[in-house]
Amino acid sequence: MPEISLTHQVVEQFAARFGSTVAVLHSGLTPSQRLQEWLRVADGQARLVIGARSAVFAPVPDLGLIVIDEEHEGSYKSSTTPLYHARQVAMHRAQIERAALVMGSATPSLEAWQAMSTGRITALRLPERLGGGRLPEVRIQDLNGESVPLSRPLLAEIRRTHEAGRQTILFLNRRGFAYFFHCRSCGYEMKCRNCSVSLTYHKQRNRMICHYCGFRTEPVSVCPECGSMDVGYTGFGTERIEEELARLFPQLTVRRIDADAVRRRRSLRAALEDFRSGRIDILLGTQMVAKGLNFPGVKLVGIVSADTGLRLPDFRAAERTFDLIVQVSGRAGRFHPDGTVIVQTYLPRNETIRLAAKGDLEEFYRRELEIRRELGFPPFTRLIRLVFRSRSAVKARQAAERFARFVPVQEPGPGAVQVLGPAECPLAVMAGNSRLQVLLRSPDFRRLHAAARRAMEALEVPAGVYVEVDVDPVSLL
């Protein structure tokens, strides 16, 4: 499973049928609990293992089947060393242990879609919803000209949904109250002192917080640069939406679930159980509400801002945005044929948003694969990303430039290794470290890997510089 938060409902379903032969493995367990489960698996007492990313390494003695739910999810790629991808590990284990591998997704990764198109993997399609519902009606709502984050059509639909005795899910992939503090007089922006990102205002904690390094400081009412009082916060996060809902619908029960609201163990599980039982009218959250949740009472899904990820400087930005819209939309009408989805956006004519609202996977994948082929990005090539970081920007750049010079010169050809960079990472400074990246690209993975290995062996990494090698990166930020 891609999310620890979703594991418990799957465990309950499987435990009801398979009893004590089910084991659970994820980082939410204590070390002793994890060891106990690990030993049960190794001893053969547990024949079925459920867990998040690391469960792919479970010591199952006679492995016959691996199932990867939501195989497109980026969370299957580890963000800390070793930078493994659970999908690739699963493929390798299935091959060497002669087990079957089943990957499930309503929005397959472009790599999986291309592999299905070429016959490298078998496509099995589910044309109907097993719960008896049907795909919801999806409407695009233009936010241009709106002065508040919740449009009038969305608010009206929330009222109608409640009057019908049904429930609403609202999705916004941004925590906090507001994410941009600026001075209208001099243009000052409040950024993290350790990272090249804006601080997010968390109203309930009365703090400006960096979501990358954790730096926090008190909010200000005057500009620290020029002393002007003409300052303000723009952008909206889940805290702001929660406040708006409480003001507009005081009679409704609203629950917010994001990394801030569910820090205590079991609080997320309690919130989801309350929603399932009908004690909550509106469930508001980040990616925790986007996938895997299966609630019969949900009639309306509102995507508060569909284009927040589209402007990211990453070749997967369109794919991620498409996945999120389709996945969140799938929470509506799962058991009743009357689901409604409202997609709010400042880019109503954007092709990614338009095709996601239509649920037109074929056309989106066709267009996106054409772009990837033209630009030479996966699945038509393989990438190795090297990030050089250091407290000294000069040292980081020098090390990155030396590495790029050590990559063996390739004769032009279809399998040649290309060197892109060095260049600053989009997040150029993080936790006080300057970050530069070098991308190696080739359709021939053997040549790509050999070139990266030779360059790394030739490079003497200076003191104070750390090099992170990421094979098949899922993000270039």
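Guide: A term to begin with: angles under 35 degrees count as roughly parallel, over 145 as roughly antiparallel, 65 to 115 as roughly perpendicular and the rest as oblique. Axes are lines fitted to C-alpha atoms, for helices over the stretch in contact, and angles run from 0 to 180 degrees between N-to-C directions. The model is predicted, so local features need pLDDT of at least 70 and side-chain atom pairs count only at pLDDT 80 or more, while totals for chains, interfaces and linings use all residues. Residues are numbered from 1 along each chain as its sequence is written, and side-chain values use heavy atoms, leaving out hydrogens and water.

Visitor: Ok, at what angle do α8 and α10 pack?
Guide: About 170 degrees, with the axes of α8 (residues 317-329) and α10 (residues 361-375) 11 Å apart. The two are therefore roughly antiparallel. Helices and strands here are DSSP runs, numbered from the N terminus: H or I of at least four residues for helices, E of at least two for strands.

Visitor: Which residues make that contact?
Guide: From α8, A318, E319, F322 and D323; from α10, L361, F364, Y365, E368 and R372. Contact means heavy atoms within 4.5 Å. By type, the residues of this contact are five nonpolar, no polar and four charged.

Visitor: What about the largest nonpolar core, how many residues does it have?
Guide: It has 37, and I257, V301 and I303 have the most contacts inside it. Elements that each supply at least two residues include α4 (110-117), β6 (167-171), β15 (340-345) and α9 (351-358). The most comes from α8, with six residues. A nonpolar core is a set of buried Ala, Val, Leu, Ile, Met, Phe, Trp, Tyr and Cys residues joined through side-chain atoms within 4.5 Å. Buried means under 20% relative accessible area, exposed over 50%, and partly exposed in between, with a 1.4 Å probe and protein chains only.

Visitor: What does I257 touch?
Guide: Not counting residues up to four places away in sequence, I257 touches V262, L268, A271, L272, L283, L284, G285, T286, M288 and V289. Apart from this core lies another of 19 residues, among them F388, F403, A455 and V467.

Visitor: Switching to α7. Which residues are buried there?
Guide: S267, L268, A271, L272, D274 and F275. They cover an arc of only 160 degrees around the axis, which puts them on the same side of α7. The arc is that of the directions from the helix axis to the C-beta atoms. After α7 comes G278, with a positive phi near 90 degrees.

Visitor: Then α3, which residues are buried?
Guide: In α3 (residues 86-96) they are A86, R87, V89, A90, R93 and A94. Seen down the axis, these fall within an arc of 160 degrees, so they line one face of α3. Their cover includes β3 (65-69) and β4 (100-104). Q95 and I96 are exposed, on the face turned away from the buried side.

Visitor: Is R98 buried or exposed?
Guide: Exposed, with a relative accessible area of 79%. R98 lies in the loop between α3 and β4, and its phi is near 55 degrees, a positive value in a residue other than glycine.

Visitor: Where is K299?
Guide: In strand β14 (residues 298-303). At 15% relative accessibility, K299 counts as buried. Leaving aside neighbours within four places in sequence, its contacts include E157, D338 and T340.

Visitor: Last one: which peptide bond near P82 is cis?
Guide: The one joining T81 and P82, with omega about 0 degrees. P82 is in the loop between β3 and α3. The bond from G421 to P422 is also cis, omega near 5 degrees, and P422 is in strand β17 (residues 418-430).

Conventions:
Ala, Val, Leu, Ile, Met, Phe, Trp, Tyr, Cys and Pro count as nonpolar, Asp, Glu, Lys and Arg as charged, and the others, Gly among them, as polar.
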